[in-house]
Amino acid sequence: MEIFPESVQKLWDEWLLRSMVLVSLFLQIVLTIFSNRRKFTVAIWIRILIWSAYLSADWVATVSLGTLSQLGDSEGKRHDMDPNHTLMAFWAPFLLLHLGGPGTITAYSLEDNELWLRHLLGLVVQVGVAFYVFLRSWTSRTPLSFLSIPMFVAGIIKYGERTWVLRSTSKQHFGDALLPAPDPGPYYAKILKNYPKLHDVEKALGLESSIDDGTELILGGKYINEAYSLFMEQLRHLYADLILSLDDQQKSERIIRSASSEEAFKVVEVELSFLYDVLYTKAVVVYSPLGILLRTVSFLSTISTLVAFGFFIERHEFSNVDINITYALLFGAIILEIYAIVMLILSDWFIVWLWRSKREYTLLTDWIHRDISSFPSSTSGKRWSRSMAQKNLIDFCLRDKTKFDHEVNSFFDKNKFLERYWYMTWEKVDGMKEPIVSFLLEMTNDVHGDRKELLKHRGDYVITKMGDSISRKLGWSVVDVEFDHSILLWHIATDLFSYNEDPINPKSARCKISKCMSEYMLYLLVMCPSMLPKGIGKFRFRDTCSEAKRFFQQRRQSISKRRKACRLLLEVETKVDPIEVKGDKSKSVLFEACRLAKVLESLDMELGEKWEMISRVWVEMLCYAASHCGWAQHGEQLRRGGELLTHVCLLMSHLGLSDQFQIFQIHEGLGDEPPTRPSRPIVRVLVHTPPSRPPGTARGPVNFS
């Protein structure tokens with residue numbers, strides 16, 4: 001019994017392979033054009049599009065190769081294949097090209113890099129299947145069989161590039177590639193023999209010399225070159241959890257201190273853009289001499305195949321549909337290669353190459369650099385979203401006042417995915433740059449020597465500097481509670497305190513900064529808990545929301561606006577500590593936050609001074625969270641448009657606010673051998689401890705030798 005009519009079955013057999021090959025080409029176009037956009041956009045549709053195209057591309061190409069391997073089986077023939085089947089067999093190398101993927105994406109997430117062995121097995125199997133298809137068509141002795149050879153070369157290059165990049169950016173191989181060669185150091189016995197006195201040894205080693213501060217670095221148009229230097233010498237090693245020397249930190253600090261806050265963030269932005277390219281694209285191969293050679297071979301192979309196909313293939317021997325599909329594959333491959341070359345020329349990597357080769361080709365590079373720099377998609381293009389997500393607890397609990405009915409809201413309550421993108425807003429980070437940089441410079445100026453002690457502070461640094469009186473009133477909210485507890489307390493208190501701002505007059509700049517920081521930190525607590533020290537923040541958030549909803553529900557008739565809800569919360573009597581009433585049964589901090597808001601109101605300070613203090617407390621909390629987030633989590637966020645937290649973390653590292661710097665100076669060797677200086681990083685590996693470690697406990701280096 002036939003399920004489908006014979007005409008439908010015949011149409012399916014004729015168009016199944018053709019449609020899948022065209023879909024495979026379409027998916028490559030989508031990935032090539034859109035995959036890099038996720039670096040600088042937070043739009044969910046982009047991520048859904050790239051995710052579906054990334055997963056579908058390999059599947060469609062693999063199934064198409066499997067279908068090609070079965071051509072002619074139903075006819076029981078091994079020789080004199082149908083001409084159309086011979087032409088279809090010519091599509092096999094193009095499917096290898098598609099399996100290699102575009103240069104703009106190799107991994108959708110960091111986990112894909114760890115699966116490089118699976119891709120290596122896929123490379124072996126799929127090349128074997130394609131070669132089997134090629135051998136079957138070779139028996140026909142047609143020109144197409146010879147034209148398949150250069151396309152096979154291009155396909156294997158593309159697929160091999162992808163597998164090699166996945167291996168190179170896996171966590172283990174990424175770190176191993178950065179380790180220097182073993183260095184025994186200065187010849188101790190010979191030095192002590194030649195310099196028997198300790199003073200002579202110190203003098204010979206140069207221990208008496210001071211560190212050269214160098215000249216002031218002026219970034220200007222060179223910020224890309226400076227950022228590349230910091231990326232190669234520091235950021236890669238920070239990401240691999242390797243320890244750097246004091247010299248490295250001093251170099252990066254000179255660059256940051258000589259820049260404005262906007263320039264400092266620009267340098268960090270370019271560095272993280274380089275890191276994104278290394279982790280998620282073929283940058284490891286493409287932007288190297290070998291990669292340029294492979295790209296040239298692949299491009300010329302495709303061009304030569306197109307020319308030969310147009311001259312030596314008789315169109316009347318094959319179906320017009322299959323001929324057109326073949327031309328689409330050829331032109332599609334060439335256009336995608338040209339697009340990749342254009343994007344390469346407009347990339348930061350090419351600008352770096354121009355700067356580094358400027359001495360040898362002054363006139364040429366000056367002309368090229370001037371033209372490229374004026375192109376709007378090059379150095380002035382966005383490298384991350386430059387925005388920060390906002391989540392407000394009181395708005396979240398009052399959302400049943402929106403246009404949606406109760407059932408819809410209940411559905412959203414239970415659906416984290418929809419809740420994440422429906423009840424979220426976004427703010428630009430431009431206004432946050434100057435306060436963050438100023439605060440970091442102030443902190444580093446207050447401490448000489450080891451700055452790791454500053455990593456312990458999570459709001460108490462600012463409050464302590466305000467005086468003993470304020471420290472006694474507010475210190476409990478940042479020192480005596482866990483970090484997630486402190487975030488919720490200050491988030492609600494900041495929201496309630498802002499209720500007193502005049503609704504007619506525009507809010508002060510520091511008030512806006514405080515509100516944005518507060519809502520951003522709550523977003524991190526609820527939506528990105530892996531980026532914060534481990535705790536029970538989500539339990540506290542849920543219990544606090546539950547208590548707030550009950551409070552608002554009981555007063556639903558009297559709450560007409562958000563300001564009314566804030567006023568009702570502040571009217572609650574909070575003389576008794578809420579924990580004495582509720583005990584430890586509920587983790588809600590709602591009325592603790594109300595107490596904190598009332599304390600802020602009672603401070604004998606000008607309103608502007610209060611907002612100055614609150615904004616600085618939030619900046620300090622942001623810095624604490626940034627320094628206690630692992631680089632794997634930071635790297636994962638780069639594919640989601642980037643996070644302000646990641647940029648702050650790298651900025652702090654450049655100022656020495658990181659536990660990945662060794663606080664001693666390495667000196668050059670002595671004796672008959674040439675002086676040796678350990679290449680970055682020092683041969684010690686940092687064991688990454690979870691971010692839940694107690695405040696002030698630094699993760700230490702462990703020698704595995």
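Colleague: Which residues of α6 are buried?
Modeller: The buried residues of α6 are W116, H119, G122, L123, Q126, A130, V133, F134, R136 and S137; buried is under 20% relative accessible area, with a 1.4 Å probe and protein chains only. This is a predicted model, where local features need pLDDT of at least 70, side-chain atom pairs count only at pLDDT 80 or more, and totals for chains, interfaces and linings use all residues. Residues are numbered from 1 along each chain as its sequence is written, and side-chain values use heavy atoms, leaving out hydrogens and water.
Colleague: What do the buried residues of α6 pack against?
Modeller: They pack against α2 (44-68), α3 (83-89), α4, α5 (110-114), α7 (143-168) and α8 (171-176). Helices here are DSSP runs of H or I with at least four residues, numbered from the N terminus.
Colleague: At what angle do α4 and α6 pack?
Modeller: About 165°, with the axes of α4 (residues 92-100) and α6 (residues 116-138) 9 Å apart. That makes α4 roughly antiparallel to α6, a label for angles over 145 degrees.
Colleague: Which residues make the contact?
Modeller: A92, L96 and L99 of α4 meet Q126, V127, A130 and V133 of α6, contact being heavy atoms within 4.5 Å.
Colleague: New topic. Where is R399 found?
Modeller: R399 is in the loop between α19 (393-397) and α20 (406-414).
Colleague: Is R399 buried or exposed?
Modeller: R399 is buried, at a relative accessible area of 5%. R399 and K549 lie 150 residues apart in sequence, with 9.9 Å from C-alpha to C-alpha.

Methods. Axes are lines fitted to C-alpha atoms, for helices over the stretch in contact, and angles run from 0 to 180 degrees between N-to-C directions. Helices (H or I, at least four residues) and strands (E, at least two) are DSSP runs, numbered from the N terminus. Angles under 35 degrees count as roughly parallel, over 145 as roughly antiparallel, 65 to 115 as roughly perpendicular and the rest as oblique. Buried means under 20% relative accessible area, exposed over 50%, partly exposed in between (1.4 Å probe, protein chains only).
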